[in-house]
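Colleague: I would like to learn how to read a model like this one. Please take me through it feature by feature.

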Amino acid sequence: MILYTIHGNGYQDISELDSLEDVTVYVNLTNRCPCACTFCLRQTKEMEEGHSLWLKEEPTVEDVIKEFQKYDLDDFHEVVFCGFGEPLERVEDVIQIAGILKHFRRDLPIRVNTNGLACLIHQRDVTPEFKGRIDTVSISLNAPDAKEYDALTRSRFGIESFQAMLDFAKSCLEYVPFVVMSVVDIIGEEKIKKCQAICDDLGVTLRVRPFEE
Ligand code: SF4
C-alpha cells in the first residue's frame, strides 16, 4: 500500500475511498529505520491482512508519481510522508516527489513525520533540501532527555541521537514554515512540561498525542 489514509484505527488504501475530497494522503516509502522504539507499531500492532504498511519492496519515485497521477491533487487536504519506517531514510526521493507534487499544485500542504535523525543517517545536513518543498516537519521528541530517549528509541546511533534530533529541529526552522515536535500523553505531566520547555527553547510547537495501544 503506497498511498493510504487513516480510517478509524486502521489504514486504508485511498483507492478504496468513495471520495477523496479533503483527505489526508500518507505516502508509505520504506520500512527502514535506524531505531527500534519500544512502542513502535511495527512491533506491537497486528495489521489487518491486505492493509499492512509492510512493503515487500520499496516503491520507486516513478511508482509513487504513477499512483498520484490516478487522482486530482486539488482534492487533497495534505500529503504526509509517513509509514512503518523512517521516510527520510529516502530523503532524496522524498524531496523529488514533493517537488513534483508542488509543481502540479503549488499550495498543496506537504508534511514529513520523522524521527529527526536524517542528518545522522546521511551524515550531512539535509534540512536545506526541504526549502520550498516541505511545509511541515513533525519530529518525534519522545522524551525530555538523552538517556530516556536512548532507552525508548534504541537508535543505532546511540546516545548522541537526542542532541542530533534537537539540532535537526533547529535547522528545519530555517527552511520549513512549520516545525512541530511530538510526545505521547502517557509520559506524564512532569515530562511533558520538560518537553514543552525544550520546544519553547527551540521555538517549535509541541504536540501531545494520545497514546494508541
Ligand atoms: S522511529 Fe518510528 S518507525 Fe522507527 S522504530 Fe521508532 S516508532 Fe518505529
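Colleague: Is Q123 buried or exposed?

Modeller: This is a predicted model, so every value here is computed from predicted coordinates. Exposure is read from relative accessible area, and over 50% counts as exposed. Q123 has 63% relative accessibility, so Q123 is exposed. Q123 sits in the loop between helix 4 (118-122) and strand 6 (136-140).

Colleague: What is the phi of Q123?

Modeller: Start with the general idea. Most residues other than glycine have a negative phi. Now the case here. Phi of Q123 is near 55 degrees, a positive value in a residue other than glycine.

Colleague: Which value does phi take at N142?

Modeller: Phi of N142 is near 70 degrees, again positive in a residue that is not glycine. N142 is in the loop between strand 6 and helix 5 (146-153). The relative accessible area of N142 is 10%, so N142 is buried.

Colleague: Where do G132 and R133 lie?

Modeller: G132 is in the loop between helix 4 and strand 6. R133 is found in the loop between helix 4 and strand 6. The class between buried and exposed is partly exposed. G132 is partly exposed, with a relative accessible area of 37%. R133 is partly exposed too, at 33%.

Colleague: How do I set sequence separation against distance in space?

Modeller: Take a pair and read both numbers. G132 and P210 are 78 residues apart along the chain, and their C-alpha atoms are separated by 31 Å. R133 and I6 are 127 residues apart along the chain, with 23 Å between their C-alpha atoms. N31 and E89 are 58 residues apart in sequence, and 9.2 Å apart in space, C-alpha to C-alpha.

Colleague: Where is N31, and is N31 buried or exposed?

Modeller: N31 is in the loop between strand 3 (24-27) and helix 1 (41-44). N31 has 15% relative accessibility, so N31 counts as buried.

Colleague: Which residues are around the ligand?

Modeller: C33, C35, A36, C37, F39, C40, R42, G85 and N115. Sort that shell by class and you get 6 nonpolar, 2 polar and 1 charged residues. The ligand takes up the space of the largest pocket.

Colleague: On to the rings. How many aromatic pairs are there?

Modeller: The count is 8 aromatic pairs. The general idea is simple. A ring pair is described by the distance of the centres and the angle of the planes. The angle needs a cut-off, and over 60 degrees counts as edge-to-face. Both Y4 and Y11 are buried.

Colleague: Which residues do ring pairs link into a cluster?

Modeller: Y4, Y11, Y26, W54 and F84.

Colleague: Finally, the whole chain. How many helices and strands does the protein chain have?

Modeller: The protein chain has 7 helices and 8 strands. Its radius of gyration is 17 Å, close to the 17 Å that the globule rule gives for 213 residues, so the chain is as compact as a globular protein of that length.

Colleague: What does the C-alpha trace span along its principal axes?

Modeller: About 45 × 35 × 30 Å.

Note on methods
Residues are numbered from 1 along each chain as its sequence is written. This is a predicted model: local features need pLDDT of at least 70, side-chain atom pairs count only at pLDDT 80 or more; totals for chains, interfaces and linings use all residues. Side-chain values use heavy atoms; hydrogens and water are left out. A residue is near a molecule or strand if one of its heavy atoms lies within 4 Å of it. On a 1 Å grid over the protein atoms alone, a cavity is a set of points where a 1.4 Å probe fits but cannot get out, and a pocket is an open set with protein on both sides within 12 Å along at least five of seven lines; lining residues have an atom within 4 Å of a point. A molecule sits in a cavity or pocket if more than half of its atoms lie within 2 Å of its grid points. Ala, Val, Leu, Ile, Met, Phe, Trp, Tyr, Cys and Pro count as nonpolar, Asp, Glu, Lys and Arg as charged, and the others, Gly among them, as polar. Rings of Phe, Tyr and Trp (its six-membered ring) pair if their centres lie within 6.5 Å; planes under 30 degrees apart count as stacked, over 60 as edge-to-face and the rest as tilted. Buried means under 20% relative accessible area, exposed over 50%, partly exposed in between (1.4 Å probe, protein chains only). Helices (H or I, at least four residues) and strands (E, at least two) are DSSP runs, numbered from the N terminus. The radius of gyration is taken over C-alpha atoms; the globule rule is 2.2 Å times the number of residues to the power 0.38.
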